[in-house]
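Please have the sequence and the model at hand while reading.

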Amino acid sequence: MDLRLPGLRGLLRRPRRLLAAGAAVVVLAGAGTWMVGSAVASGDAPPVHRTDRVMAVGDGVRIDTSYFTTASGGRRPAVLLGHGFGGSKDDVRQQAQSLARDGYAVLTWSARGFGRSTGKIGLNDPKGEVADVSKLIDWLAKQPQVELDKAGDPRVGVAGASYGGAIALLAAGHDDRVDAIAPAITYWNLADALFPNGVFKKLWAGIFVNSGGGCDRLEAQLCRMYERIAESGTPDAQARALLQERSPSAVGDRIKVPTLLVQGQTDSLFPLSQADAAAKAIRAGGAPVDVDWIAGGHDGGDLETSRVQGRVEAWFDRYLKDDKGADTGPAFRVTRTLGTGTGDGEPRLSGVNADTYPGLEGEPRAIPLTGREQRFDNPAGANPPAVSALPGLGGAEGLSQLSSLGVGVSLDFPGQFAAFDSAPLRDDLQITGSPTVTVHVKSTTDDAVLFAKVYDVGPGRSGQVLPSQLVEPIRVTGAKAGKDVRITLPAVDHEVDDGHRLRLVLSSTDLGYASPAQPATYTVSLKGDLKVPTALGSADQASQLPAWVWWLPLTGAAIALALVLTARRRTATPAPDPALAEVPLQITDLTKRYAKSADRYAVRDLSFRVEQGQVLGLLGPNGAGKTTTLRMLMGLIKPDGGEIRVFGHAIAPGAPVLSRVGAFVEGAGFLPHLSGRENLELYWRATGRPPEDAHLDEALEIAGLGDALARAVRTYSQGMRQRLAIAQAMLGLPDLLILDEPTNGLDPPQIREMREVMIRYAAAGRTVIVSSHLLAEVEQTCTHLVVMDKGRLVQAGPVAEIIGSGDTLLVGTAAPVDEPVVEKVAALPGVASAVRTDEGLLVQLDADGTARRLVAELVRLEVPVESVGPHRRLEDAFLTLIGAEA
């Protein structure tokens, strides 16, 4: 299965995907542009009034803001809500409205370089973005709805996720008017996050730059730094200093306010160690700190949005409203995945609490490891790289979510790693924190770069799992002479079952990081036991929480699934059906119930067939079952009934036939400084498959990028990026290609280009399935349709047949029809109405009318008929079909 990396829109921005837009009326007032509107809550909740204003903050920079209040309640505390990197103020609107209804005055804003705000992106520069927040606090102090501690000092809290979480911490460190903060899935030291232990986190760094709109959108010194490090692959002191001065750690000793730290367990960008460092520093200053480890993160998983927002509100109720009865939750909480629900494949979550935050060290337990001294290579060019986390899988909730469910999706190449195993455990082991180990490292070069990880290895052939898909990079200087190195591995919360073993792996490469291009040989030996922190049991578990949808849309997690599951795991499946060997897809009586429901269905008795060379549009309103059907098609969840066969083979997780299926979802995490061709070559090398199997030139010819392939991706238009993403999905020329909303974000000319790409791909006898909400585009692109509603098939067949089943006909005439003749046509039996058009007549038939009878009557009336055909768009047919089924 050759599935693509998803779009960048869902990466750093994911915490903000909960939010709705609102309308406004434009009014000019003073120096700013104001937009006034309201969002009325249901029930007895007061209406929330929103005022939009663009504020000038100096140096020509203008910041776009929204102010949310209710009419009742008098003066109240204020809350500033920051957004994630690549987003805007609109992304936190829903949370702003909720806080306003809870009795707060809420101000949201788009940071410099995002949304409608101007200026260069400074990565929370103290003289830029942080200073902007102080000016916003100045503005709040002048508002009649805002409670004041003293003149010019409003009672104010700051919250946000990712980029917005960092600004909350920085604001508290730079402006002593901030009274409480609630940062989520963010960084404490950006230099440590992007250059951990002196190793360049290249894919995440590229995603940062790309999601910000390209290097030229950054402050000049940041752009120069990125290009310098991306080219050399090695962070330097100047780069570290530049990022550290923009990090909360630079003002950690000045953060003296109550802090709720929410951090993600599935996060290779900002791991749990970032929140741990923040908690220790802020607590050392005397402020109360609570820590909450959620299931999700930048790599995917459940962000527990509803629960977290409720806890943030309670935190502000306690420390801004001074409500001593507010339940702020435990000092430490960790969410654990207990498995999947009743057949829907979604994780079941539960929480474990503690009265104190244990840190990452916990109560260490020594686990002896065995293994001789081992030698392995760093290959020239550091290729092929090992696979652990794949930045950019947030859209599908990522590989890390799969690992929490016991699915192994990592890959290490023989001859490029050393492994040391424990004996099988005699009882269950709960790891909560960062394991540590000391090893001796020697290299044929002066420096060595290693990637350390601890696998949970099941008995027999049950495979190995990398908890949260996390790896720890280590740069060892002076390694030529040999030296002992103490390694602190990534913090996780993971239960190892009895009978399983722990395996320490030290690899020379990793896809997400820059390794030395110079070939080298490393020699590694153990210098002690693996120390594993054990901490919380399950005696104080909170009630089970509903899981956020963890798989929407399809993503590149299946790349690693194909690599590992297809190669190493074989699931018993029904025998192939020779009669369907040439049929790309046959779905028969497919059924899927909702979790915890015996009589509610996501998909019910669905059957349809797709032939070679077809471009099939999968249509249906929200909740029709399209996504669930695609999930079952990809083998990611199991149906409760029926079956799916691809080229005669029944679909199951890891089925070899999935290697003939490819998919594209929302875009790709391309490295902006590399050319289009270099990005595709890097992607294919990461799969570990032979270069000749890529059919790179054929895929590129279909995508039609021409000379642009040699240019850096940062110079591409949105349409070119989409076509490059399609080309990546087509690598290996899969026989069945699934495209989910491939025209999202494209303008009409780019949509036309994408249409041509799909048609060219299917022209060679391959099959394309397109899920799209652009009905007019589906009408022009697809040869066949499957329309679903409420989990059932409504209609399937050729596009022309479905559109042509309407009751309105267009009669083409050789000359204009006189009005008296039109009136005679309208009065004919079986005709409901007739009107003149530029082409002739538009005739609507009633229940008794037929096209054959109409033509006979037109000839009798001497109407100069040239053609007769259906006059109905796909949109009309779609609405008719769905309405008929409602």
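Predicted model: local features only at pLDDT ≥ 70, side-chain atom pairs only at ≥ 80, totals over all residues.

## The disulfide

With sulfur atoms counted as joined when they lie within 2.5 Å, the model has one disulfide. Cys215 and Cys223 form this bond, and the S to S distance is 2.0 Å. The torsion about the S-S bond of Cys215 and Cys223 is about 125°, which means that the disulfide is right-handed.

## Burial of the cysteines

Strand 26 covers residues 501–507. Of its seven residues, six are buried, so the strand is largely enclosed by the rest of the structure.

## Partners of strand 26

Which strands pair with strand 26 in the antiparallel sense? One is strand 18, made up of residues 417–421, which pairs with strand 26 over five bridges. Within this pairing, Asp421 has Arg503 of strand 26 as its bridge partner.

Strand 21, spanning residues 448–457, is another antiparallel partner, and here the pairing with strand 26 runs over seven bridges. In strand 26, Arg501 is the residue that stands opposite Val457. Strand 26 is thus named in two antiparallel pairings, with strand 18 and with strand 21, while six of its seven residues are buried.

Note on methods:
Residues numbered from 1 in each chain as written. Heavy atoms only, no water. Buried < 20%, exposed > 50% of the residue type's maximum accessible area, 1.4 Å probe, protein only. Helix = DSSP H or I, 4+ residues; strand = E, 2+ residues; numbered from the N terminus. Pairing = 2+ DSSP bridges.
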